[in-house]
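Please keep the sequence and the structure in view as you read.

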Amino acid sequence: MNALLECSNVTLGYEGSIVTEGINFSVNEGDYLYILGENGSGKSTLIKALLNLKSQMSGEINTSGGLGRNEIGYLPQQTVVQRDFPASVKEIVRSGCVTRSGIRPFFSSSEKKLAADIMNRLDIQNLASRCYRELSGGQQQRVLLARALCAARKLLLLDEPVTGLDPKASNEMYELIADLNKNDGITIIMVSHDINAAVKYASHILHIGSTQLFFGKKKDYLKSKVGRSFIEITEDE
């Protein structure tokens with residue numbers, strides 16, 4: 001089986017200063033990969049490198065397994081400005097189809113149907129005409145997830161998708177993403193600091209940092225020195 005995405009000896013950094021190096025991992029169709037690590041370890045930087053939004057300092061990121069750049073959906077960390085965006089839910093979700101529409105200045109009937117189907121799938125079809133900034137945090141994240149799904153044909157990249165959500169909304173988001181992976185066959189890569197969620201949902205874990213690296217199946221991470229140490233640290237916080 002060819003990997004959808006593969007990183008070989010990747011080094012990440014800022015302005016010539018290395019943040020983390022020696023990153024090696026692969027993602028196959030149907031995987032659910034959690035990226036864990038301490039604050040400042042380069043997790044979000046890695047996501048941007050996978051999206052070709054930032055160049056790695058060295059190493060290779062390969063998508064020779066048939067994954068195109070227009071087949072990846074991305075849910076970034078939400079900013080205060082984005083939370084106050086004055087557009088309708090329908091407009092925001094449809095904007096995820098831009099990678100499909102190319103240079104066309106309008107969305108086709110099939111793209112509009114796709115957006116409608118995804119809103120229905122995520123149970124936000126009743127919010128279609130609502131203004132995005134009037135929604136709750138959990139509703140806003142569902143809208144942004146729907147937008148990402150309009151772009152995603154094979155892979156979803158999620159950067160701390162439950163940040164700022166209350167426990168109920170966080171759990172609903174986690175369950176929804178897990179269902180997309182299990183029942184819709186969407187491959188997931190998620191940046192998170194939530195070790196409990198990783199233990200519950202991940203198939204594989206990538207732990208990155210300046211001194212500690214791990215990639216492998218979840219069960220092996222939990223037995224590893226890196227995994228046991230990180231669990232102890234997060235339990236003490």
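The second largest pocket holds about 170 Å³ of space, in a predicted model where local features need pLDDT of at least 70, side-chain atom pairs count only at pLDDT 80 or more, and totals for chains, interfaces and linings use all residues. Residues are numbered from 1 along each chain as its sequence is written, and side-chain values use heavy atoms, with hydrogens and water left out.

**The pocket**

- A pocket is an open set of points on a 1 Å grid over the protein atoms alone, with protein on both sides within 12 Å along at least five of seven lines, and its lining residues have an atom within 4 Å of a point.
- The lining of the second largest pocket consists of S136, G137, G138, Q139, R142, D166, K168, A169, E172 and M173, and the elements giving two or more residues to it are α6 (137-151) and α7 (167-183), where helices are DSSP runs (H or I, at least four residues) numbered from the N terminus.
- Sorted by class, this lining has 2 nonpolar, 4 polar and 4 charged residues; Ala, Val, Leu, Ile, Met, Phe, Trp, Tyr, Cys and Pro count as nonpolar, Asp, Glu, Lys and Arg as charged, and the others, Gly among them, as polar.

**Helices α6 and α7**

- The axes of α6 and α7 come within 10 Å and cross at roughly 20°, and α6 and α7 are therefore roughly parallel to each other (angles under 35 degrees count as roughly parallel).
- On the α6 side, G138, Q141, R142, L145 and L149 meet A169, E172, M173, L176, I177 and L180 of α7, with contact meaning heavy atoms within 4.5 Å.
- By class, this contact of α6 with α7 has 7 nonpolar, 2 polar and 2 charged residues.

Methods:
On a 1 Å grid over the protein atoms alone, a cavity is a set of points where a 1.4 Å probe fits but cannot get out, and a pocket is an open set with protein on both sides within 12 Å along at least five of seven lines; lining residues have an atom within 4 Å of a point. Grid points are joined across faces, edges and corners, and a volume is the space filled by probe spheres set on the points. Axes are lines fitted to C-alpha atoms, for helices over the stretch in contact, and angles run from 0 to 180 degrees between N-to-C directions. Angles under 35 degrees count as roughly parallel, over 145 as roughly antiparallel, 65 to 115 as roughly perpendicular and the rest as oblique.
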